[in-house]
Amino acid sequence: MKKGLTYALGVAIATQFFILVGMYVKAQMPLWTGELVRVKAIPVDPRSLFRGNYARLNYDFSRVAKSALAGDRRVREGEVVYVSLKKDPSGLYAFSGASLEKPSEGVFLKGRVVGRNAWRAKHFYRVKYGIEAYFAPKAKALQLERELRDGGIAELMVAPSGQVTLKNVIGDD
Amino acid sequence: MRLIRLLKYDLAREAGDWVDDGVISEAQAELICARYEVDYHRARQRSMGYNVLVGLGYLFIALALITLIGANWEEIPRALRMGGLVTLTVATQCVALRIYFTGDPRRGEGLFLLGNFFFGASIILIAQIYHLGEYMPDGVFWWALGCLPFALIARSPWLAIQTQVLALLWFFLQVSMGYYPALFPLFIAASLYVLLRGRASTVLMLLLLVSIGFWVEYTLSEFWRSQQPWVGLKLYPENLAVAVALFILLYVFSHWLALRGASVAKDYATVISVWCLRFALVSLLVFSFAFPWEELIEAQWEHRLSMWLVVAAMAAATLVLALPTRRLLSSGLLLVFFVGALIGVSTRGNPDLAVYLQVATNFVLISCGIWLIYRGIHDGISHYFFLGVMSILITALLRYIDLIGDYLGAALIFILFAGLLLGAAKYWKHHQGGEEMP
């Protein structure tokens, strides 16, 4: 009995370890397998109570026009949305289309429609991709805030599945 | 239902002092404690305060660590930060495992609790390093899921409380973002298992009931909103009706539980009953105004059929539980009043009905106050007595401010209150006189 319990608790410890490893691998995956995509970013506001200082980032594609999803079935809060990006002449990627179905090709990000009563918004859905916070030590966060006042460039790593990780934020030179 | 059950450990310690002072013998103290199914000797050594302080201490260690992570040590390489925290988590759990089996199991449980906090800190660190958004319901979910096996295997209420609190946090994060937390019943089932198979814990029991309540309500809300096009997250007036039916069921369940043989069931029954009573009084105070009734009458009751089905199922369960507790009549009357009010407000009737319902609620409130005072005096339960007095005083104060039907109407209500109270006092005197008869 005691031996069985020891094994069971050992498995519980291993489970926690593997959850952490899994989260690490999932977070790393776009960095390992993804494609580097540069997009325009607008910092908004720093600081998280637990996780420290950060710059909150908005993107042009954080708001998706309702007309872009007009042909699909009705959109609800929490709905997964795929936003396709296309390289413009400046070398930056920008919004090119949105769909509730996973695109078969091209660079696309997997996001979620957020905000209460998303359906009530007149023209846009608000979409989050998990790349809206850039964490940095206080001094760097404040420096970023100053440097990126007029916008900056976010370096994203986009995996083939649409999962995206924020790699870096740099000034818009 | 004796409220003294809630203070039985204090009673055991008090009895210990009486033994020390020579007021009673140790055998008598054991008999007093046995009356409430408490082990006199163990109760004197019970170190609840110590456990709470250690638990809070661990919580603050975790908060210090999480805040330290917040400083964002960019000069320390990612791999080192991650490796350090994962090693700390696994090492703490391994030390806890060793102490759990070779030394003091309770201390081992405490260290598992600390290890679980470190596990959460590691998840937060991953989120920080990889800039994973501002909301992190997935992170909280994995945190709760990682704590779950420890609670189940050790059957520890402390670990189960930690898991359930995290699961509730995840539930609310998910709900606020418009997702349905489909795996929440898993955590409910785990807490129920620990409650049935582990040590008694009223905190876990209350947490479990709260979790079940929220889950039932949100599941219904999700079902109703999926039937409507273009509706976001919302609570429906039907949710309120289900909540009242749930509380009536819970109240009767507490009486059914009190009939069980086990002492722990009686303790749980007392706690549930007290909390149901408090909820009922607060709800009646809210509905002693006209505007909540007006809101309900004017609300869109668009899911009447499914609401009535759920309410009927709960009412049936209430009556089934009421049978063995011999509370069929009182439970039946309670349900009749509830169903009557529900029909009144949900059939889009006359808005003037609100005033009548308000007046009726005030009388119900005063009647509850009188009943509590009566029970307080009759059964010697001071808590009931003071709760009854408070209900009547607060009702009178609210009516003085609110003035139903202007000054004359309010004066009439006060006269009726006075009549009810004086009648109750006369009955009490009569009752006391009857008791003094040889």
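The elements of chain A follow the order α-β-β-β-β-β-β-β-β-α-β-β from the N terminus. That gives chain A two helices and ten strands. Helices (H or I, at least four residues) and strands (E, at least two) are DSSP runs, numbered from the N terminus. The model is predicted: local features need pLDDT of at least 70, side-chain atom pairs count only at pLDDT 80 or more, and totals for chains, interfaces and linings use all residues. Residues are numbered from 1 along each chain as its sequence is written, chains are lettered from A and ligands numbered from 1 in the order in which they are written, and side-chain values use heavy atoms, with hydrogens and water left out.

Chain A holds 173 residues, and 47% of them are buried. Buried means under 20% relative accessible area (1.4 Å probe, protein chains only). Contacts (heavy atoms within 4.5 Å) were also computed. In chain A, 61% of the contacts with a separation of 6 or more link residues 24 or more positions apart. Its accessible surface is about 9,100 Å². Carbon and sulfur atoms account for 53% of that surface. Areas come from the Shrake-Rupley method with a 1.4 Å probe; for residues, only the protein chains shown count as cover.

Chain B has 18 helices and zero strands. Its C-alpha atoms fill a box of roughly 75 × 75 × 40 Å along the principal axes. Of its 438 residues, 47% are buried. For contacts in chain B between residues at least 6 apart in sequence, 69% join residues at least 24 apart. Chain B exposes about 22,000 Å², with 70% supplied by carbon and sulfur atoms.

Key: Buried < 20%, exposed > 50% of the residue type's maximum accessible area, 1.4 Å probe, protein only.
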